[in-house]
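The sequence and model come next, followed by notes grouped by topic.

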Amino acid sequence: MKNNYSIISLLKNSLSYHENWQQAWRDPEPKKEYDAVIVGGGGHGLATAFYLAKKHKMKNIAVVEKGWIGGGNTGRNTTIIRSNYLWDASAGLYDHALKIWENLSLELNYNVMFSQRGVMNLAHNLQDVRDLKRRTHANRLNGIDAEWLSTEEVKKFCPIINTSPNIRYPVLGGTLQRRAGTARHDAVAWGYARGADEMGVDIIQNCEVKGIKRNGDNVEGIETIKGFIKTKKIGVVAAGHSSVIANMAGIRLPLESKPLQALVSEPVKPIIDTVVMSNAVHAYVSQSDKGELVIGAGTDAYVSYTQRGSHNIVEGTLKAILELYPIFSRMKMLRQWGGIVDICPDASPIISKTSIKGLYFNCGWGTGGFKATPGSGDLFAHTIANDEPHELNAAFNINRFISGDLVDEHGAAAVAH
Amino acid sequence: MFIINCPFCGERDQSEFSAGGEAHIIRPKQPTELSDDEWADFLFMRKNIKGIQFERWYHAHGCRKWFNVVRDTSNDKIHAVYKMGEKPPIK
Amino acid sequence: MSESFRSSETKFLEKTIRISFKFNGKTFYGYKGDTLASALLSNGIHLVGRSFKYHRPRGIMTCGSEEPNAIVQIGGNGVFTEPNVRATEQELYEGLEATSQNCWPSVEFDIGGINNLISPVIPAGFYYKTFMWPKKFWYSLYEPAIRKSAGLGKSPTQPDPELYEHKYIHCDVLVVGGGISGVIAANISADNGNNTLLINDKSSLGGSTIYQDDQNYKINEKISSDWLNNEINNLKNKENLTILNRTSLAAYHSYNFLLARENISDHKSLNERSNQLRQRLWKIRAKKVILATGAIERPLIFNNNDRPGVMLASSVKKYIDHYGVRCGNKNVIFTNNDTSYETALSLNKKGLNVSVIDIRKNSSSKLVQSVKKNGIKIYWNHTVVDTKGYRKIKSIQIMQLSDDGSNVTGKKINLDCDCLSLSGGWTPMVHLFTQSGGKLKFRDEDQVFLPNTAMSDQISIGSCNGDFELDDVVNNTITSIKKFLDITSTSFDNLNIHCPKQKENRNIWLLPNDKPLGKTKPFLDFQNDSTAKDIKLAMREGFRSIEHVKRYTTTGMGTDQGKLANMHALGIISEAAGVKMGSLGTTTFRPPYTPLTFGTIVGRGVGTFFDITRKTPMHEWHVENKAEFENVGQWKRAWFYPKGNENMHQAVQRESKTARESAGILDASTLGKIDIKGTDASEFLNRVYTNAWSKLGIGKCRYGLMLNEDGMVYDDGVTTRLGENHYIMTTTTGGAANVLSKLEDYLQTEWPELDVWLTSVTDQYATASICGPNSKNILKKLFPSIEFNDENFPHMSFKNAKLDNVDCRIMRISFTGEHSYEINIDSKYGKSLWEKCMETGKEYNITPYGTETMHLLRAEKGFIIVGQDTDGTMTPIDLQMDWIVSKKKYDFIGKRSLYRSDTMREDRKQLVGLITDDPNEVLEEGAQIVRDVKKKPIEMLGHVTSSYFSPNLNKSIALAVVRNGKKLKGNKLYVPMKNKTINVTVSDYIFYDKENKRLNA
């Protein structure tokens, strides 16, 4: 049993100068065989292992991670969490996640700092207004909280936005999801890792996968730099590198991996108390608990695994930020970075079985995977455990690219974080 | 920010170009004779390779010509540039 | 207040120019040439800020960009305010106002200091372990409290009055850094015919050598500073050399693309700034890059090493030698190497009291000998175990080190001091090198990371490449540059250099203490308050990767990005993990090197320059006639033309009615126009549109629908055959650029055998569309030579014409359902065409209408707008436009996708009309449609895509896409709104003139 985390335990441990805290997770060597191996130790992968152990009573599970857990897109995103997606399938998926988020800190006994400070999406032209109203109506009927705000209401909710009608693309209104917000990205990975470890999941870091061994249409195991690991079920959650793993298994995915950039400003005292997203002028901003403005930039249009994008993208993003928030002109960029996102043609993810028995893929989250972390883990665990998708992820199968039954979320997700 | 050596205009900043994805995916001459699977393969499935990729770029703010580029997607180094219809200069 | 700590003359200040400034409301004085930090120190002020977490008093520690503590708000509360400015880099100007940050009510007495008392309970990562219960308290209570105490300075709250700009520069050689190696490099580069750019982040060149007034350092028998001064003077007359001072390199991207920020006016008083640029961003493309970014001194890590008055030894030296400011009267230097003995000599020379504590057992270097000769006391093999003094250091306690340095022994010695200078060795600034993709190597002797393999054409020279001795710096710089630039000899060959060779460092990352670690506070990251304890706690808890430790403890995440903290963090992690330093790698150095102003990154791209505004040739007329405008992509389109006090609804009703009753005119110039020529033009159109084109007669027009390869509607428009091998295609306004690049794509890559040439002519033509029963009469008057009867000029045909000798193309096509003509003319005549139409149409009450009326009129006719009635998920079959999909054509873009199992389903969403029970009820566009309001979960069948009140039908009409809509015609459905449910009936999607009688009216 792990130490319980609480103010009491902090006080207690302070008496011994915090020298007696346990490891949050072990650092085991891989066993020869597991019932299931999750490839990728990001938030989604760790959550998958956590729910496999917790809900499906699978105990002999490993998560193998090329670098350090949470070091990919989990630790590189702008942490926006919302569920106001257009289509029923997406709304179901993301709201499932949002509901888990609402209790996640208690479920994990780890403060993931889920902060429901609201997410506002702005409209800047008449078609934006139509699209966002459409989304608001759909959300409301799907039981997802969504409000349409007039320009005045936008200003009231976030007074620092420039709502002047004289700017190049004036704010014509917006939607607000109050249950939406942000969370502390690292804590999500660490909290799931600690929880999974406690249930016996082996989290194996610095363990790059080199190959997937197949016997005909069945998987037999994975080759890693720490040796061969036998298993009948492999769940791949390796955002950015999904295609690389797929190639090892001899399958192709409808994905392209592209650089996505983000940046933070120097920390300042609280100035913006919500998350504001604008697809049309392409500016996303929130403020972290540390006080940094967290700003999401866009993706480049070319495939790259370098974790760096072009400067144009950052410049364009900050241009948009200053258009909407001229008061930030004298703020300074502290740090910029890039991640690699794999993007599906319909801007929706894949949580699916494949043509190979025992091989499952969870990928294609594009720029918006963080918000889905708990839901994605839960549903992927269900899919792996039962060899069948849950009804909430049935629509996100790979076959939709053959039948044409896409879940086109470009309006909601193309550049959405 | 790459510099791309457009085969028609010479070296220019990346911002003049737009990326067109994987090259040498030939549009089937008789699409109606393909199965849904085969068509989906053409339409959506990509190698998305980490390493040497053969890809298409468009000199959108220049000569408006499409051409091919050989680029290592793991470090963005461009190894070669060649015109449409030409054979890749490297394998 | 007097500057009681300004003790010596210095040539680097202009003592004739006395400057007054305010710090925390009090007025002080300094001189031109001072930084805010040196001016504060000259007034005896060390305490300038409070730390991030524990709100501990903190003082000026360094003299450069690595400063973690002296971070202040500049410019008061006005429009010039700027948070988090390093006092060590801010040049002093008359009237400068600076205030301490992160403290209340004042920096001397800060309530937040209470955090220091509870610090035992709030170690690294404590917030992950608590504040979870009760759930709602996180957002309502805990988080606001955390947020309030976090953050440093305050964001500006008013728009920025100053300007920024971008400048591009291409050079053969870029030299980054204006110290001795950079100066030599620039000299050699320029002398050898290279277009050279030298950038230097200080106000003048020379680095730390320029104030090295020491007989121990000589080049060609001159004191090194004199020699360098001479070389700097030599630089001034070189034509192919550009020197940018006050310019710091921010980012080094791939392909030798670099960004540098030049400060234009941040050092000037507000009066001198009017209408001036504040900062300029240089976008540099360099063929070759020489990095000479120097090194920064490391602190030492021991208990309470963070008090005001604890500084870096090299900085103390700069303050005395460069600014003439003594940082203390009783100085103690605490060191592990020889370089800090220079500081001791400098202080001693100025007559100041100084002693040295060295963790080494001895050193025989010349510098140490000089120090000894001057009678300065040295405590060998000793370490500091504690410091005293809350707002300023008062005394220290030292103890002897055990033989292996792992422990302390003997008795504590108390030493009074008011300035403690630290030197833990040097860290080469390899940030830019790694930003460019370069890989590092580790040198064990002095525990430094050095550039190893580079990704682009560049070298590192001087101390950023690990050379710390004057002779090595100069000689290796010359050798490297020769090789790098392929030069055989330089004017610097065979220099005669004298310098004291330094002896080994003794490296102990975390110094031992007589108390257990838990009871001490050895700070690593001063700004973020992370200590060696925190690092060890993180590792104990299983965070082993350096990135994990960094994130868990927030080490290196302050505004200095760990310039001081990172090496010690790595060292302590390696020791605790029992691995070799260097084997763990480093954390990633991310751009920018120092924080970069948003305004600088954006440059002039703000306000009206945020985005291009495309205006039609008739734009001015619309403005003069009080049109309201709609943004469509980058275009400004006239939306409606209110008369008098009309609101939009009233204006649109009037415009729509007149257009159908008499005549309306629309500016359609924004539609995309592509000129298509070539012997295979018809075949090309066959392949890109869903319908057949081969049989279209010359002079005829045809509507075309273009799909994506996935079968979904992509664009539409009318294309006219102008000649045997010549067409003009129109596209939607927003789709023009994408359609052109898509067509070029197919043409150049899939069908290179086709002889087809595409040219965008959108901007070359202005288009006026005149519709209504009187349109023909107006056209007759405009073009008397043309016979406007249905035989000579039928619907869907085109004529060349002349308007006052200017060529026009007239298409008889209609998007409103009315008899209608589109007149295209060379753009420069667009406005006069429009005015002529208005003049000529006056007698028919010709009425200009905007996009809103156009939308309404076409909706009455059931014409779709791509992007409004479609969303990338609609096939032509879904739109009930089966008629436009050729069954005979073997192939066209998107055809195959129409035959996939899902696209062939009959119950897909389909375009229908909706009629509300209440004819006055106008549905909201975007509203959802259901069959059963009570069903849970509610099943949405589709949504309203277009909705208007039709003045011509005197009722509301709507277009919608509805699941299985074709079969639901006549059925009742519901539109559930927030407060009510609206009853609707599914109808045909053509509401007006189904028989198309009006086209020929």
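Where chain B meets chain A, 25 residues of chain B and 26 residues of chain A take part in the contact. The model is predicted.

**Chain B against chain A**

- About 2100 Å² is buried between chain B and chain A, and carbon and sulfur atoms account for 55% of it.
- On the chain B side, Phe44(B), Met45(B) and Asn48(B) lose the most area to chain A, and together they make up 31% of what that side buries.
- The interface of chain B and chain A holds 1 salt bridge.
- That salt bridge joins the side chains of Asp41(B) and Arg252(A), with an N to O distance of 3.0 Å.
- Across the interface of chain B and chain A there are also 10 residue pairs in polar contact, both residues being at pLDDT 80 or more.
- Three elements of chain B give two or more residues to the side that touches chain A: strand E3 (18-22), helix H1 (36-43) and strand E4 (52-58).
- H1(B) gives the most to that side, with 4 residues.
- Sorted by class, the side of chain B that touches chain A consists of 8 nonpolar, 8 polar and 9 charged residues.

**Chain B as a fold**

- Chain B contains 1 helix and 6 strands.
- Read from the N terminus, the order of elements in chain B is β-β-β-α-β-β-β.
- The C-alpha trace of chain B spans about 40 × 30 × 25 Å along its principal axes.

**Chain A against chain C**

- The contact between these two chains takes in 98 residues of chain A and 121 residues of chain C.
- Chain A and chain C bury about 9700 Å² between them, with 56% of that area on carbon and sulfur atoms.
- Of the area that chain A buries against chain C, Arg168(A), Lys269(A) and Arg330(A) supply 10%, more than any other three residues.
- There are 11 salt bridges between chain A and chain C.
- One of the salt bridges between the two chains links Arg130(A) to Glu925(C), whose closest N and O atoms are 2.8 Å apart.
- Polar contacts between chain A and chain C number 58 residue pairs, with both residues at pLDDT 80 or more.
- Helix H4 (residues 126-141) of chain A provides the largest share of the side that touches chain C, namely 9 residues.
- That side of chain A is made up of 43 nonpolar, 27 polar and 28 charged residues.

- Strand E18 (residues 332-343) of chain A pairs with strand E32 (residues 596-597) of chain C.
- The two strands, E18 of chain A and E32 of chain C, are antiparallel and share 2 bridges.
- Lys332(A) has Thr597(C), in E32(C), as its bridge partner.

**Domains of chain C**

- Chain C is divided into domain 1 (1-159), domain 2 (163-295 + 428-498), domain 3 (300-366 + 378-424), domain 4 (508-593), domain 5 (672-761) and domain 6 (898-1000).
- The centres of domain 2 and domain 3 of chain C, taken over C-alpha atoms, lie 31 Å apart.
- In the contact between these two domains of chain C, 7 residues of domain 2 meet 7 residues of domain 3.
- The area buried between domain 2 and domain 3 of chain C is about 670 Å², and 44% of it comes from carbon and sulfur atoms.
- Domain 2 and domain 3 of chain C have 1 salt bridge between them.
- Lys349(C) and Asp213(C) form a salt bridge through their side chains, at 3.8 Å from N to O.
- Between domain 2 and domain 3 of chain C there are 4 residue pairs in polar contact, both residues at pLDDT 80 or more.
- The side of domain 2 that touches domain 3 in chain C has 2 nonpolar, 2 polar and 3 charged residues.

**A hairpin in chain C**

- Strand E26 (residues 439-443) and strand E27 (residues 448-453) of chain C pair in the antiparallel sense over 5 bridges.
- Lys441(C) is bridged to Leu450(C), which belongs to E27(C).
- E26(C) and E27(C) make a hairpin with 4 residues between them.
- In the turn of this hairpin, Gln447(C) has a positive phi of about 55°.

Methods. Residues are numbered from 1 along each chain as its sequence is written. Chains are lettered from A and ligands numbered from 1 in the order in which they are written. This is a predicted model: local features need pLDDT of at least 70, side-chain atom pairs count only at pLDDT 80 or more; totals for chains, interfaces and linings use all residues. Side-chain values use heavy atoms; hydrogens and water are left out. Domain bounds come from an automatic or database domain assignment. Contact means heavy atoms within 4.5 Å. Buried area is the accessible area (1.4 Å probe) that two parts lose on being put together, summed over both. A salt bridge is a side-chain nitrogen of Lys or Arg within 4 Å of a carboxyl oxygen of Asp or Glu. A polar contact is a pair of N or O atoms within 3.5 Å; within protein, one must be able to donate a hydrogen and the other to accept it, and residues adjacent in sequence count only if both atoms are side-chain atoms. Ala, Val, Leu, Ile, Met, Phe, Trp, Tyr, Cys and Pro count as nonpolar, Asp, Glu, Lys and Arg as charged, and the others, Gly among them, as polar. Two strands pair if DSSP finds at least two bridges between them.
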